[in-house]
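Welcome, and take a moment to turn the model around before reading on. The report below walks through it piece by piece.

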Amino acid sequence: MRIIFRFGGIALLVAAIVILAVLPFATSFVEQWTRRDVELRARLVFNSARDQVAGLIARNDGPRIGNLFERIASDERVLAIGYCDGDELRYPSRNMPSTFTCDKAARSNTESFSSFSGETGDILVSAFPLTVQGRKGHLVVLHDLTYSDRRGGEARNYLFLALAGVAFGAAALAAMIAALIMRRWLASIRQALESARSGTASTPEQENIIPLGQEIRDVLQELEASRRTIDAAHTDWSPETLRAALANELSGSEVIVVSNREPYIHNKADDGRITLQIPASGLVSALEPVVRACGGTWVAHGSGSADRDVVDSSDRVPVPPSHPSYTLRRVWLTDEEQDGYYYGAANEGLWPLCHIAFVRPVFREQDWQYYRAVNEKFADAIVAEAKREDPIILVQDYHFALLPRMIRNRLPQATIVTFWHIPWPNAETFGICPWREEIIDGLLGSSILGFHTQAHCNNFLEAVDVYVESRIDRERDSVTFGGEETLIRPYPISIEWPPTALEGQQPVEECRRAVRERLGLPLEMRVGVGIERFDYTKGILDRMQAIDALLGEHPEWHGNFCFIQVAAPTRSKLANYRQLQEEAEALARDINERHGSEGYEPIKLLIRHHEPNEVFELFRAADLCIVSSLHDGMNLVAKEFVAARDDEEGVLILSAFAGASRELSEALIVNPYNAHAMGQAINRALTMPQDEQRERMRLMRDQVKERNVYRWAGQMLLAASRLRKRQRIKRLIASGRRRAAANA
């Protein structure tokens with residue numbers, strides 16, 4: 001229907017332009033025609049009355065001349081008639097304008113025509129030479145031009161209506177032709193779709209109408225295969241499943257991952273040797289199988305002390321070192337760039353802005369200039385690495401809010417999937433950011449923008465609605481901005497299953513014994529654990545206060561319960577993080593002094609980095625785990641604790657403000673700001689029957705197993721694959737429409 005209106009509208013527009021172009025010429029023609037008609041009538045009057053008037057003037061028969069002139073003037077198209085004898089007007093009819101004199105007639109030896117303005121409008125004066133008895137005079141006939149103007153106007157109206165009728169007829173004819181062509185074309189499209197689904201061949205007539213049918217069928221069959229891939233692997237995502245899905249869906253595609261953290265770090269040891277460090281990161285665990293399977297490129301900040309020593313002239317190094325399967329492209333940052341972009345704009349600005357932990361964000365213009373410049377530097381590296389015009393680019397986290405738009409401007413056909421790993425605040429909170437419009441514009445350069453939860457997606461859509469001019473489709477959860485559509489989707493991140501750190505772990509009882517011996521705890525001591533880095537969003541102080549409340553309200557746990565808090569130092573350059581560590585150490589000392597005794601400390605604060613195998617040993621040794629985030633996008637510690645408990649025992653105490661609480665509803669959900677209620681939850685966990693523990697843990701383990709990190713990566717990449725195929729179909733259909741329009 002839209003095409004029909006388009007064709008009809010174009011035809012109507014062309015007709016309107018023709019009418020507007022022709023109308024002035026037609027108007028001039030009508031005016032000239034009516035003027036000539038009046039002059040012709042005046043000439044007829046003179047020719048019919050000339051001899052009679054000449055004879056009456058020769059006899060000086062004034063009364064009969066007057067009667068004759070009155071009869072002639074009685075014609076509604078003649079205003080008046082008279083005779084000019086020199087400058088004297090003789091025998092004027094009764095309707096002769098009082099302002100008329102013979103001077104106003106253009107008298108000559110031949111007929112002449114002139115006009116003047118009378119009381120009722122323009123008046124045409126026709127002067128005809130008449131010689132009577134050797135004396136030359138002029139017979140003057142006056143016509144009121146308002147009659148001819150009225151007649152000319154009617155003629156113009158009829159002409160306009162006639163042209164308009166022709167225009168509407170042409171538009172209707174064009175619309176009918178377009179309708180017939182489009183009906184046949186759409187019928188052919190439907191037949192192509194049906195034959196694609198059924199696998200039957202198309203008819204020769206169909207191929208003549210739509211030669212693109214085979215291409216559309218191929219893409220539709222790929223889409224159907226994509227759906228089958230998702231359905232078949234719905235409950236069993238693994239590295240093998242992910243590789244198989246990528247081989248089916250993205251075979252031949254170029255995949256580029258960009259993140260601040262690199263998957264392999266080269267450092268110099270004290271003895272000068274180069275050592276390899278693999279950071280313990282869920283992000284690396286999720287995305288490295290993707291890049292390996294596709295043989296793609298990972299672009300990241302080169303932060304290792306020996307990173308420059310192992311790259312080639314293009315800053316590339318093949319990884320993994322043992323069996324290289326993809327390229328790591330390192331981007332170098334100066335100390336000033338690192339301070340402004342990473343510590344400043346990203347972690348003093350965006351991090352507290354997006355986490356509701358009541359820490360004031362710091363917005364410095366100089367930091368933002370570095371942030372923008374570093375995003376440009378990464379965009380340059382990505383464009384340099386891209387070997388095709390349409391790569392799939394996976395942009396990770398809040399360090400690169402501007403990067404999607406920068407890539408889109410340079411690689412307009414790229415499929416850009418951006419994942420925001422931290423929460424997105426509500427629109428009012430986000431509104432304090434001085435760069436809010438630029439951040440939203442940057443993110444809307446993505447093809448797909450992912451968040452952990454639907455709530456964060458909704459917050460982003462609300463911010464877009466408030467701060468930029470765009471079209472939001474609530475049914476599709478998409479934003480159209482600058483003519484490009486961005487899909488907004490929840491993709492809750494997870495951990496690998498089974499966890500690599502679980503390999504080689506001792507049985508739970510052995511872990512319980514080893515941890516208690518190492519920390520000097522009795523074997524019967526009940527143990528809780530918290531594993532975090534020192535970050536104010538993690539609620540470390542709040543969980544310590546909950547331990548204080550527990551011991552104050554339940555003194556029976558004195559000497560019988562110990563909480564082990566592992567906290568790795570992080571971002572120590574920033575004052576908020578240094579202050580948090582100092583406050584945690586002071587609070588732990590205070591609680592231990594008030595509730596401890598000789599040989600007993602209720603809180604053991606371990607400030608150092610723990611390797612994944614050490615963390616999992618602590619998880620397996622604990623009776624409970626506390627995740628008390630004040631605000632968190634997901635929090636993978638909760639899922640790691642669940643994955644570590646293959647004995648199906650232990651209790652998870654989880655903050656309602658962590659994204660993981662949406663998935664792990666069998667945990668004890670708490671408000672970390674309520675120390676008393678959290679203390680009661682700890683007491684409940686310590687007294688929970690084993691049967692209830694197993695029932696809860698079994699359900700959570702099934703959830704983590706099914707929704708693991710490979711599913712997270714696979715869902716995003718398969719969504720990107722489907723989007724690319726739909727875009728191909730749209731391009732093919734648009735091409736077919738253009739061909740249909742050309743044939744029309």
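## A first look at the fold

Residues 24 or more positions apart account for 71% of the contacts in the protein chain with a separation of 6 or more. Please keep in mind that this is a predicted model. The protein chain has 744 residues, and 53% of them are buried. Its secondary structure comes to 22 helices and 23 strands.

## A strand under cover

Let us begin with strand β1, residues 80-85, which is mostly covered: 6 of its 6 residues are buried. In a regular strand the side chains alternate between the two faces of the sheet. Here Ala-80, Gly-82 and Cys-84 point one way from β1, while Ile-81, Tyr-83 and Asp-85 point the other way, and all are buried.

Which strands does β1 pair with? One is β5 (residues 135-144), which runs antiparallel to β1 and is joined to it by 5 bridges. In that pairing, Ile-81 has Val-141 of β5 as its bridge partner. Another is β2 (residues 88-90), also antiparallel to β1, with 3 bridges between them. There, Tyr-83 has Arg-90 of β2 as its bridge partner. β1 and β2 form a hairpin with 2 residues between them, and Gly-86 in the turn has a positive phi of about 70°.

Val-141 turns up again around Ser-126, a residue of strand β4 (residues 122-132). Is Ser-126 buried or exposed? Its relative accessible area is 0%, so Ser-126 is buried. Leaving aside neighbours within four places in sequence, Ser-126 is in contact with Ala-42, Ser-112, Phe-113, Leu-139, Val-140, Val-141 and His-143.

## The sheet of 10 strands

Next comes an open sheet of 10 strands with mixed pairing, in the order β10-β11-β9-β6-β12-β13-β14-β17-β16-β15. At its edges stand β10 (316-319) and β15 (471-473); each has a single partner strand, so one side of each is left without a neighbour in the sheet. From one strand to the next, the twist averages 20°.

Strands of a sheet pair through backbone hydrogen bonds, either parallel or antiparallel. Within this sheet, β13 (residues 415-419) and β14 (residues 448-451) run parallel and are joined by 3 bridges. Phe-419 stands opposite Gly-450 in β14. Helix α10 (residues 365-385) packs on the sheet, where it touches β6 (255-259), β9 (297-301), β10, β11 (326-331) and β12 (392-396); the direction of α10 makes about 160° with that of β9.

β19 (residues 561-568) pairs with β20 in the parallel sense over 4 bridges, and Ile-564 stands opposite Lys-604 in β20.

| Helix pair | Axes | Angle |
|---|---|---|
| α19 (residues 636-644) and α21 (residues 690-706) | within 9 Å | roughly 115° |
| α13 (residues 436-443) and α14 (residues 454-467) | 11 Å apart | about 120° |

The angle in the table makes α19 roughly perpendicular to α21, whereas α13 is oblique to α14. The crossing of α19 past α21 is left-handed, and α13 passes α14 in a left-handed crossing too.

What does each contact consist of? On the α19 side are Lys-639, Phe-641, Val-642, Ala-643 and Ala-644, which meet Met-697, Met-700, Arg-701 and Val-704 in α21. By class, these are 7 nonpolar, no polar and 2 charged residues. In the other pair, Arg-436, Glu-437, Ile-440 and Leu-443 of α13 meet Phe-460, Ala-463, Val-464 and Tyr-467 of α14. This contact divides into 6 nonpolar, no polar and 2 charged residues.

Definitions and conventions. Residues numbered from 1 in each chain as written. Predicted model: local features only at pLDDT ≥ 70, side-chain atom pairs only at ≥ 80, totals over all residues. Heavy atoms only, no water. Axes fitted to C-alpha atoms, helices over the stretch in contact; angles between N-to-C directions. Parallel < 35°, antiparallel > 145°, perpendicular 65-115°, else oblique. Left-handed = near helix turned anticlockwise from the far one by under 90°. Contact = heavy atoms within 4.5 Å. Nonpolar A, V, L, I, M, F, W, Y, C, P; charged D, E, K, R; others polar. Pairing = 2+ DSSP bridges. Buried < 20%, exposed > 50% of the residue type's maximum accessible area, 1.4 Å probe, protein only.
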